[in-house]
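Let's take a friendly walk through this chain, with the structure open beside the text.

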Amino acid sequence: MAQSKPRKMKPSEIPDFVSEIIAAGCDITAIGHDKYVLGDIEEQDAALEDLDRIGDKFGDRDHLKLQIVAYLWSIGRYIELEIEGTRH
């Protein structure tokens with residue numbers, strides 16, 4: 001029996017993905033311009049079943065990392081990192 005390819009999340013699903021992560025109790029946030037986190041460890045532990053369900057529903061999202069980060073910036077969910085040269 002042929003194995004089906006894993007589902008890949010579509011760019012159009014990013015807002016729904018973010019909304020579901022927030023609804024699960026996780027503070028999804030962009031970190032700088034190229035990373036994001038789903039929330040702190042306690043939030044993720046508390047929402048483990050929901051996060052598993054959301055992951056199964058939306059599938060692989062690695063290819064959309066920068067688009068997810070850009071969306072999080074657009075809705076004000078980000079932490080801006082200091083530029084290396086400005087640190088003292």
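## Salt bridges

Across the whole structure, which is a predicted model, a search turns up six salt bridges. As background, side chains of opposite charge can pair when their charged atoms come close. Glutamate 13 counts as buried because its relative accessibility is 14%, under the 20% cut-off. Arginine 7, at 34% relative accessibility, counts as partly exposed.

Next comes lysine 8, which forms a salt bridge with aspartate 60; their closest N and O atoms are 3.9 Å apart. Lysine 8 sits in the segment before helix H1 (14–23), while aspartate 60 belongs to the loop between H3 and helix H4 (65–74), so this pair ties together parts that are 52 residues apart in sequence. With a relative accessibility of 30%, aspartate 60 counts as partly exposed.

## A link between H1 and H3

Which side chain meets that of glutamate 20 in a salt bridge? The partner is arginine 53, at 3.2 Å, N to O. This pair links distant parts of the chain, with glutamate 20 in helix H1 and arginine 53 in helix H3, 33 residues apart.

Are these two partners buried or partly exposed? Glutamate 20 counts as buried, at 18% relative accessibility, whereas arginine 53 counts as partly exposed, at 42%. Salt bridges that share partners join Glu20, Arg53 and Lys57 into one network.

## The overall fold

Stepping back, the chain has four helices and three strands. Read from the N terminus on, its elements run α-β-β-α-α-α-β. The C-alpha trace spans about 60 × 25 × 20 Å along its principal axes. Of the 88 residues in the chain, 31% are buried.

Helix H3 covers residues 48–58, and Leu51, Ile54 and Phe58 are its buried residues. These three cover an arc of only 60° around the axis, which puts them on the same side of H3.

Aspartate 50, itself found in H3, counts as partly exposed because its relative accessibility is 32%, between the cut-offs of 20% and 50%.

## Glycine 32 and the strands

Where is glycine 32 placed? It is in the loop between strand E1 (29–31) and strand E2 (35–37). Glycine 32 is buried, its relative accessible area being 6%. Although glycine 32 and glutamate 80 are 48 residues apart in sequence, their C-alpha atoms are 5.0 Å apart in space.

Tyrosine 78 lies in strand E3 (residues 78–79). With a relative accessible area of 35%, tyrosine 78 is partly exposed. Tyrosine 78 and lysine 35 are 43 residues apart along the chain, and 9.8 Å separates their C-alpha atoms.

## Two further positions

Proline 11 has its place in the segment before H1. Proline 11 counts as partly exposed, at 45% relative accessibility. Its C-alpha atom is separated by 18 Å from that of valine 37, a residue 26 places away along the chain.

Aspartate 62 lies in the loop between H3 and H4. Is aspartate 62 buried or exposed? Aspartate 62 is exposed because its relative accessible area is 64%, over the 50% cut-off.

Key:
Residues are numbered from 1 along each chain as its sequence is written. This is a predicted model: local features need pLDDT of at least 70, side-chain atom pairs count only at pLDDT 80 or more; totals for chains, interfaces and linings use all residues. Side-chain values use heavy atoms; hydrogens and water are left out. Helices (H or I, at least four residues) and strands (E, at least two) are DSSP runs, numbered from the N terminus. Buried means under 20% relative accessible area, exposed over 50%, partly exposed in between (1.4 Å probe, protein chains only). The arc is that of the directions from the helix axis to the C-beta atoms. A salt bridge is a side-chain nitrogen of Lys or Arg within 4 Å of a carboxyl oxygen of Asp or Glu.
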